[in-house]
Amino acid sequence: MSQVKENDTVKVHYTGKLGNGQVFDSSLEREPLEVTLGQGMLIPGFEKGIISMELNEKKTINIPVAEAYGEVRKELFYDVKKEQLPQDMAPEVGMGLASKDENGREVQFRIAEVKEDHIIVDANHPLAGHDLVFDLELIEIK
C-alpha cells in the first residue's frame, strides 16, 4: 500500500473540532481538500498528521496550539476610534471587519470589545490559542 510522503498531492476529507468537540469546519458536505504537502499551505500539525497515511485510512489527530495557529498574540489587538468606522455601522463583539494594510492586502479582524468612543479589534486567527482535533480520511494520493 502506498503511503503519503512529503511533496505528495493528496485529497483528504476532514472534520476540525475544538477540544470541547465543537466542529469549526468540515469537508464532508463538499469536495475533499486537495493540497500538495511541503508548500506551507497547511498548519504544521495537520500536514504532519497526513504524512504516512495510507489510501482510505481514517484517523483522528490532536494538534497542539504550537502546531496549529499559535498562541493569541496581544500585539495583534488594536484600538480603533468609532469615527473611523462606517457611519451606519453598529459594532458588536464578534463582528468581522476587513481593512487594507499599507501594501493593499486585505487584513481580517474581529471586534473583541466595544467601548464608549472606540472598539478593540483582534487580528489573531480565530483559532489561535486553541488545541485542535481533526478526523481525517485519505481519499487520494497523486
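In strand 2, Val23 is the bridge partner of Lys17. The structure is a predicted model, in which local features need pLDDT of at least 70 and side-chain atom pairs count only at pLDDT 80 or more, whereas totals for chains, interfaces and linings use all residues. Residues are numbered from 1 along each chain as its sequence is written, and side-chain values use heavy atoms, with hydrogens and water left out.

Strand 1 and strand 2 (residues 23-26) pair in the antiparallel sense over three bridges; two strands are taken to pair if DSSP finds at least two bridges between them. Strands (E, at least two residues) and helices (H or I, at least four residues) are DSSP runs, numbered from the N terminus. The hairpin of strand 1 and strand 2 has four residues between the strands, and Gly21 there takes a positive phi near 95°.

Most residues other than glycine have a negative phi. With a relative accessible area of 9%, Asp8 is buried, where buried means under 20% relative accessible area, exposed over 50% and partly exposed in between (1.4 Å probe, protein chains only). Asp8 and Lys58 are separated by 50 residues in sequence and by 18 Å in space, C-alpha to C-alpha. A positive phi, near 80°, is likewise found for Ser52, a residue other than glycine. Ser52 lies in the loop between helix 1 (44-50) and strand 4 (58-63) and is partly exposed, its relative accessible area being 39%.

The protein is divided into domain 1 (3-70 + 128-141) and domain 2 (74-122), with bounds that come from an automatic or database domain assignment. A distance of 31 Å separates the C-alpha centres of domain 1 and domain 2.

An open sheet is formed by four strands in the order 5-8-7-6, with antiparallel pairing. Strand 5 (77-81) and strand 6 (96-100) stand at the edges with a single partner strand each, so one side of each is left without a neighbour in the sheet. On average, neighbouring strands of this sheet are turned by 45° against each other, direction ignored; the axes are lines fitted to C-alpha atoms, for helices over the stretch in contact, and angles run from 0 to 180 degrees between N-to-C directions. Strand 6 is joined by five bridges to strand 7 (residues 106-114), and the two run antiparallel. Lys100 stands opposite Glu106 in strand 7. The loop between strand 5 and strand 6 contains Glu92, which counts as exposed at 51% relative accessibility. Between Glu92 and Phe77 there are 15 residues of sequence separation and 16 Å in space, C-alpha to C-alpha.

The lining of the largest pocket comprises Tyr14, Phe24, Asp25, Leu33, Met41, Leu42, Ile43, Phe46, Tyr69, His125, Leu127 and Phe134. On a 1 Å grid over the protein atoms alone, a pocket is an open set of points with protein on both sides within 12 Å along at least five of seven lines, and lining residues have an atom within 4 Å of a point. The lining residues divide into 10 nonpolar, one polar and one charged; Ala, Val, Leu, Ile, Met, Phe, Trp, Tyr, Cys and Pro count as nonpolar, Asp, Glu, Lys and Arg as charged, and the others, Gly among them, as polar.

Definitions and conventions. On a 1 Å grid over the protein atoms alone, a cavity is a set of points where a 1.4 Å probe fits but cannot get out, and a pocket is an open set with protein on both sides within 12 Å along at least five of seven lines; lining residues have an atom within 4 Å of a point.
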